[in-house]
Amino acid sequence: MQPYSVLMSVYFREKPEYLKAAVDSMLSQTVRPDELVLVCDGPLTPELDAVIADYPRLNVIRLEKNSGLGAALNEGLRHCRNELVARMDSDDLSLPERCELQLKVFEAQPGLSICSGTLKEFTDDPDEIVGQRTVPEQMDEIVSFSKKRNPFNHPAVMFRKSAVETAGGYNETYHLFEDYYLWIRMLQNGCSGYNIQQPLLKMRVSMDAYERRGGLRYAMDLLRFHSWIRKTHWTTWKDYLTGALPHAAVCVMPKRIRRFIYRFLR
């Protein structure tokens, strides 16, 4: 199969055991990566550095200061030597056949630019699943879905490096929406996507993750982002009123209700 790179970023607040588990899950793929690029987003703790030292074959890129996820991924992408790149977060767990399944999709669809799949969510025990996010499979469904929601699961994407670079890479103009912003620009460039309808990855979610997806500031950032999408004519006022506004309303709901909606009603 076509060789691929893995792109990860880690910063000082990550737990060493989470980083080790994430790296091991990629090195245990049924089709192993050709390289794993790990960007250290600013100085790390001695414990994290000790974990990294256990993997001498990692391509480690160290940034002098914490620059944010988007900037770290852009720097790491420049060091990826393969056209196909699998994203991986430093606290998640890729299922063993994840990358093999994605590589088969790219083989079957030579014009494809991006592929993700279903996520299963857990808090402490990876065997105790607390949620799931499934995204639409085919291109027409993906385009329609993108007008209201993020059409790809970022922690589980594999994409073509050239397509991401042509779209301008990650951009933090809309904080916390870097990936969604990138996917829209790629789709606007004519890139095609596909989502595998089976779990590819187990994503670690803490209880405060649902809190970070809420609040007045988050709601305002969300509306600002969707206003940009509308101004590019990717969406209509109807999409804004039926998608962005209800989502913003969820953001300002009490935490308990918001947690329920994010877990079970999305």
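Me: Where does Glu97 sit?
Reply: Glu97 is in the loop between strand E5 (93–94) and helix H4 (98–108). Helices (H or I, at least four residues) and strands (E, at least two) are DSSP runs, numbered from the N terminus. This is a predicted model, where local features need pLDDT of at least 70, side-chain atom pairs count only at pLDDT 80 or more, and totals for chains, interfaces and linings use all residues. Residues are numbered from 1 along each chain as its sequence is written, and side-chain values use heavy atoms, with hydrogens and water left out.

Me: OK, what does Glu97 touch?
Reply: Gln29 and Thr30, leaving aside residues up to four places away in sequence. Contact here means heavy atoms within 4.5 Å.

Me: What is the relative accessible area of Glu97?
Reply: The value is 43%, so Glu97 is partly exposed. The classes are buried under 20% relative accessible area, exposed over 50% and partly exposed in between (1.4 Å probe, protein chains only).

Me: Switching to H7: how many of its residues are buried?
Reply: Helix H7 (residues 178–188) has 10 of its 11 residues buried, so I'd call H7 mostly covered. Among them are Tyr180, Tyr181, Trp183 and Arg185.

Me: What covers the buried residues of H7?
Reply: The cover includes helices H3 (69–79), H5 (139–146), H6 (161–166) and H9 (216–231), plus strands E6 (112–122) and E8 (158–160).

Me: Which residue follows H7?
Reply: Gly190 follows, and its phi is positive, near 95 degrees.

Me: Zooming out, how many helices and strands does the protein chain have?
Reply: There are 11 helices and nine strands. The radius of gyration is 18 Å, close to the 18 Å from the globule rule for 266 residues, so the chain is as compact as a globular protein of that length. That radius is taken over C-alpha atoms, and the rule is 2.2 Å times the number of residues to the power 0.38.

Me: What share of the chain counts as buried?
Reply: 54% of the 266 residues.

Me: What about contacts across the sequence?
Reply: Taking contacts between residues at least 6 apart in sequence, 75% join residues at least 24 apart.

Me: Which domain does UniProt place at residues 5–156?
Reply: The unreviewed entry has "domain: Glycosyltransferase 2-like" there. UniProt positions are given in the numbering used here, feature names are shortened, and annotations may be inferred rather than shown by experiment. In the model, that span is 33% helix and 25% strand, and its end C-alpha atoms lie 13 Å apart.
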